[in-house]
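Please take the sequence and the three-dimensional view together, and follow the description below from one part of the chain to the next.

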Amino acid sequence: MAENVTVNIRDIASSLPDNWLIGCDRSEFLLKVDRLFQELTKNPAETPHKILLAEREPVQFLASFIVACATKCQIFLCNPNWVKSEWQQVFDLVQPDIIIGQDALQNRTEMQFIASPLEKPKNNLQLPLIMIPTGGSSGKIRFTIHTWETLTASVTGFQQYFQVSQINSFCVLPLYHVSGLMQFMRSFTTGGKLAIQPFKAVENGEKCDIEPEEFFISLVPTQLQRLLQNPDTANWLSRFHTVLLGGAPAWPELLETARNYQIRLALTYGMTETASQIAALKPEDFLAGDSSSGQVLPHARVTIRGANGEILCNNQMGDIVVNAKSLSLGYYPEKWVDREYFQLDDLGFFDKNNCLNIIGRSSDKIITGGENVFPIEIEAAIRSTNLVTDVCIIGLPDKHWGQAVTAIYVPANPQITVEALQAAITDKLSKFKRPKNWVIVQQLPRNTQGKVNREHLQEIALKYIVSNSPDMI
């Protein structure tokens with residue numbers, strides 16, 4: 001199987017049409033691939049090379065990725081913007097044989113005298129593997145273990161669900177992240193076109209010479225919000241075949257604005273562990289007013305489970321459990337023993353149309369005065385006031401309530417007061433759901449996918465509140 005995968009990857013690269021990678025000459029790309037292939041195969045290794053790939057330049061990244069997969073290496077995709085402490089985690093965990101990317105090389109050189117003298121991790125992971133980073137926002141980097149087969153299973157499910165043969169992708173998300181990598185995989189394995197452009201350039205009105213009607217584009221909610229602030233980019237976005245939206249919850253006002261511009265939005269649900277989408281909303285259903293995560297894609301099976309593991313009926317909220325052909329093998333260097341029952345941290349339910357509705361993360365749930373509160377609902381209510389440009393709800397320890405609902409927010413302008421915010425949500429939320437603490441910040445700590453670093457926010461909020469409240473634990 002591995003040998004066949006190796007041959008297929010090189011065959012695919014050689015048979016791609018001239019214009020598959022927009023803005024890059026095909027012969028130039030194949031030259032990069034051949035040069036790297038010769039470099040990696042000149043000294044055959046008994047065990048697969050472990051390669052850290054932290055290349056910033058997209059064409060070089062893709063050439064390196066293709067070659068690493070084709071030569072049966074274990075490849076670790078890395079964020080070039082990691083800081084030294086994060087690189088230290090990665091070097092200690094992986095202990096790579098080859099490093100591709102100046103940022104990683106520089107950090108490795110600077111750390112050569114302080115790197116922990118650990119023995120190389122013992123594992124039986126001999127197949128060609130693709131390790132995709134996850135969990136960096138919590139301070140601990142993990143790599144999910146994927147294979148060419150798990151990634152292509154996701155592509156097949158996507159093809160079948162959206163009923164397309166060739167998938168053209170317009171990518172503004174980082175290639176080292178599953179959200180960017182899968183856009184490449186869809187185009188590469190289906191003979192589609194791939195356009196890559198920095199999001200900042202798109203936001204500033206620079207656009208590739210493409211026909212948007214033929215392309216899928218993937219965004220996170222904060223990116224969509226910024227593009228909708230400019231009527232020109234909003235109208236351009238409305239021309240796309242489909243705008244995939246994921247990575248973080250979207251708020252109702254953002255979705256309504258998108259509908260007003262007739263943007264063919266597909267709300268999606270997925271994660272690194274499932275190689276992106278396992279559920280998606282069809283654009284037609286979104287424009288008709290549906291705001292769910294849509295139906296489950298053909299390559300996946302999703303059930304809603306109760307506290308004892310029983311499968312729940314429609315409209316009953318519970319834990320989301322996934323089994324999919326695209327499911328990761330585990331977290332490096334350990335494989336999962338059971339891949340049939342992957343329980344997520346998310347809570348949700350299926351509605352009468354078999355569409356998946358996400359309530360929130362179980363770990364983010366706040367229990368205040370014995371009542372369950374989900375941040376996503378409160379955040380949506382506060383956003384709807386238009387008095388904030390960003391907000392996140394967390395729970396902080398409280399002697400009386402167990403947890404106190406706390407809002408960390410960015411005001412729309414300096415004149416907005418806490419009293420104004422409190423008054424604006426009085427008729428939107430029950431009393432126990434209204435924040436007891438309000439912390440103003442200049443911006444929320446978000447990663448490139450729009451996810452908030454809640455641990456960092458807790459530190460910020462505690463520093464602000466402890467000195468002002470005797471009730472804090």
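The largest cavity has a volume of about 30 Å³, where a cavity is a set of points, on a 1 Å grid over the protein atoms alone, at which a 1.4 Å probe fits but cannot get out, and where the volume is the space filled by probe spheres set on points joined across faces, edges and corners. Counting cavities of 30 Å³ or more gives one. Its lining, meaning residues with an atom within 4 Å of a point, consists of Arg-301, Val-302, Thr-303, Val-321, Val-322, Asn-323 and Glu-340. Strand S13 (300-305) and strand S14 (318-324) are the elements that give two or more residues to this lining; helices (H or I, at least four residues) and strands (E, at least two) are DSSP runs, numbered from the N terminus.

This is a predicted model, in which local features need pLDDT of at least 70 and side-chain atom pairs count only at pLDDT 80 or more, while totals for chains, interfaces and linings use all residues. Residues are numbered from 1 along each chain as its sequence is written, and side-chain values use heavy atoms, with hydrogens and water left out.

A nonpolar core is here a set of buried Ala, Val, Leu, Ile, Met, Phe, Trp, Tyr and Cys residues joined through side-chain atoms within 4.5 Å, with buried meaning under 20% relative accessible area, exposed over 50%, and partly exposed in between (1.4 Å probe, protein chains only). Leaving aside residues up to four places away in sequence, Leu-77 touches, among others, Leu-53, Phe-61, Phe-65, Trp-82 and Leu-181, a contact being heavy atoms within 4.5 Å.

An open sheet of seven strands runs in the order S7-S6-S8-S9-S10-S11-S12, with mixed pairing, two strands being paired if DSSP finds at least two bridges between them. Strand S7 (194-196) and strand S12 (295-296) are the edge strands, each pairing on one side only. Within the sheet, strand S10 (residues 265-271) and strand S11 (residues 276-280) pair in the antiparallel sense over four bridges, and Thr-268 has Ala-280 in S11 as its bridge partner.

The charged side chains form 15 salt bridges in the whole structure, each being a side-chain nitrogen of Lys or Arg within 4 Å of a carboxyl oxygen of Asp or Glu. In one of them, the closest N and O atoms of Arg-264 and Glu-284 are 2.9 Å apart; this pair links distant parts of the chain, with Arg-264 in the loop between helix H11 (252-260) and S10, and Glu-284 in helix H12 (residues 283-287), 20 residues apart. Arg-264 is partly exposed at 24% relative accessibility, and Glu-284 is partly exposed at 45%.

Asp-346 and Arg-361 also meet in a salt bridge (3.6 Å, N to O). Because Asp-346 lies in strand S17 (residues 342-350) and Arg-361 in strand S18 (residues 356-361), the pair ties together parts that are 15 residues apart in sequence. Asp-346 is buried, with a relative accessible area of 9%, whereas Arg-361 is partly exposed at 40%. Elsewhere, Lys-200, Glu-203 and Arg-226 are linked in a network of salt bridges.

Conventions
On a 1 Å grid over the protein atoms alone, a cavity is a set of points where a 1.4 Å probe fits but cannot get out, and a pocket is an open set with protein on both sides within 12 Å along at least five of seven lines; lining residues have an atom within 4 Å of a point.
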